[in-house]
Amino acid sequence: MIHVENLNKTFKKCIKQPGVIGACKSLFNPQIEFFEAVKDLSFEIPKGEIMGFIGANGAGKSTTIKILTGILSPTSGICQINGRDPQKYRVKYVKEIGVVFGQRTQLWWDLALQETYSVLKEIYEIPNFEFRKRMDFLNEVLELNDFIKDPVRTLSLGQRMRADIAASLLHNPKVLFLDEPTIGLDVAVKDNIRRAITHINQEEQTTILLTTHDLNDIEQLCNRIFMIDKGQKIFDGSVSQLKQKFGKIHEVTFDLVSKNDIKKLDYCHKFEEIEFEQKGTIVKIKFDASKIAIQDLLKYTLSHVSVTDITVKNADIEEIVRRFFRKEIINVQ
Ligand SMILES: Nc1ncnc2c1ncn2[C@@H]1O[C@H](COP(=O)(O)OP(=O)(O)OP(=O)(O)O)[C@@H](O)[C@H]1O
């Protein structure tokens, strides 16, 4: 459904010099720099897949999405959605995609929600019968009925997000781009929205490209993670592959009988590459299980101090991705 091959996007940046003289110089003799926001990116997303597209701030996610949605043209490379170039076939193409930007709304602020949908119905040329059927489906999945008669400006953030998702799905697009769909929402509303996205994906086989900084979105929604850094691919695989490959980070927490007992433990000399922190009697240790055997750590600790409780946890996806972005995990592919 989505085919991206050797995609590149280079921006031209005009470097402004400070002060009035600098501004005049820049005007007559502009200093140009080139910046590669997307570098040789290739991926395929088959029909019905939900792919999490993640990366640190400035990694090139929005630039890629803007190319995929036809807003920007690539410097080079191929980008096809359902066999079409989004740039060349923009008018036809908009009917095949839905886009939600969590930070912005596509709804009309002063119109009642249902009037907004009526306007979109005309824009997308949806026949009456299909529109009614579609509205019934979206009402049910996204629970719009409680606020469908209210003006958009009075909606809460969670209601507005559900309304925006419905607007992007009104014309039953084959591909949905979701950019931070759960940003700023409380846990219950996030859950609600994730359930709706899963339902829509399963019912309609909608292909979804999801950008998020919330890793619970990834764990609960995505079959696949595509991670980029400085415009380039650094990982492409399933959540479980990511965990299998890098999930060797364990976290052990000891509750000491006395907080002063920490002085009896010299983890840094005894073990390589170990991270630990102490808060009162609680000592939290993070280590790479491929370098340190957990039984050695337990044996060492228990032979030096008395503890009242021990918990052992595998690294969650958040910890793995955090390490990626802190550049602690390199040479991924
Ligand atoms: N129009 C532009 N002109 C020049 N540089 C740009 C332009 N748009 C984006 N960039 C640069 O390209 C890089 C990638 O930006 P992009 O917005 O794609 O990142 P992102 O991964 O979406 O980040 P975030 O998570 O913060 O939204 C950034 O360094 C940004 O400054």
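Four of the five residues of strand β5 are buried, so β5 is largely enclosed by the rest of the structure; a residue is buried if 20 or more other C-beta atoms, placed from the backbone, lie within 10 Å of its own, exposed if 12 or fewer, and partly exposed in between. The model is a predicted one, in which local features need pLDDT of at least 70 and side-chain atom pairs count only at pLDDT 80 or more, while totals for chains, interfaces and linings use all residues. Residues are numbered from 1 along each chain as its sequence is written. Helices (H or I, at least four residues) and strands (E, at least two) are DSSP runs, numbered from the N terminus.

**The chain as a whole**

- The secondary structure of the protein chain comes to 12 helices and 13 strands, and its C-alpha atoms fill a box of roughly 75 × 60 × 40 Å, taken along the principal axes.
- Of the 333 residues of the protein chain, 30% count as buried.
- Among contacts in the protein chain with a separation of 6 or more, 72% are between residues 24 or more positions apart, where two residues are in contact if their C-beta atoms, placed from the backbone, lie within 7 Å.

**The six-stranded sheet**

- Six strands form an open sheet in the order β5-β6-β7-β3-β8-β9, with mixed pairing; two strands pair if DSSP finds at least two bridges between them.
- The edges of this sheet are β5 (97-101) and β9 (232-237), each with a single partner strand, so one side of each is left without a neighbour in the sheet.
- Neighbouring strands of this sheet are turned by 15° against each other on average, direction ignored, with axes taken as lines fitted to C-alpha atoms, for helices over the stretch in contact, and angles running from 0 to 180 degrees between N-to-C directions.
- Strand β5 and strand β6 (residues 175-179) pair in the parallel sense over five bridges; Val99 has Phe177 in β6 as its bridge partner, and Gly98 stands opposite Leu176 in β6.
- Helix α6 (residues 157-169) packs on the sheet, where it touches β5 and β6, and its direction makes about 160° with that of β5.

- In helix α4 (residues 113-123), the residues Leu113, Thr116 and Tyr117 are buried.
- Seen down the axis of α4, these buried residues fall within an arc of 95°, so they line one face of the helix; the arc is that of the directions from the helix axis to the C-beta atoms.
- The buried residues of α4 pack against α5 (128-142) and α6, and α4 is followed by Glu125, whose phi is positive, near 55°.
- Ala166 has its place in helix α6 and is buried, with 27 other C-beta atoms within 10 Å.
- Leaving aside neighbours within four places in sequence, Ala166 is in contact with Leu138, Leu142 and Leu144.

- In helix α2 (residues 61-68), Lys61, Thr63, Thr64, Ile67 and Leu68 are buried.
- Seen down the axis of α2, its buried residues fall within an arc of 165°, so they line one face of the helix.
- Gly70 follows α2 and has a positive phi, near 85°.
- The ligand is surrounded by Phe11, Lys13, Phe35, Ala37, Gly55, Asn57, Gly58, Ala59, Gly60, Lys61, Ser62 and Thr63, a residue being near a molecule or strand if its C-beta atom, placed from the backbone, lies within 6 Å of it.
- At least two residues of this shell come from each of β1 (2-15), β2 (31-45) and α2, and α2 gives the most, with three residues.
- The residues of the shell divide into four nonpolar, six polar and two charged; Ala, Val, Leu, Ile, Met, Phe, Trp, Tyr, Cys and Pro count as nonpolar, Asp, Glu, Lys and Arg as charged, and the others, Gly among them, as polar.

**Positive phi in residues other than glycine**

- Most residues other than glycine have a negative phi.
- Asn6, which lies in strand β1, has a positive phi near 45°, and Asn6 is partly exposed, with 13 other C-beta atoms within 10 Å.
- Glu180, in the loop between β6 and α7 (187-204), has a positive phi near 55°, and with 18 C-beta neighbours inside 10 Å Glu180 counts as partly exposed.
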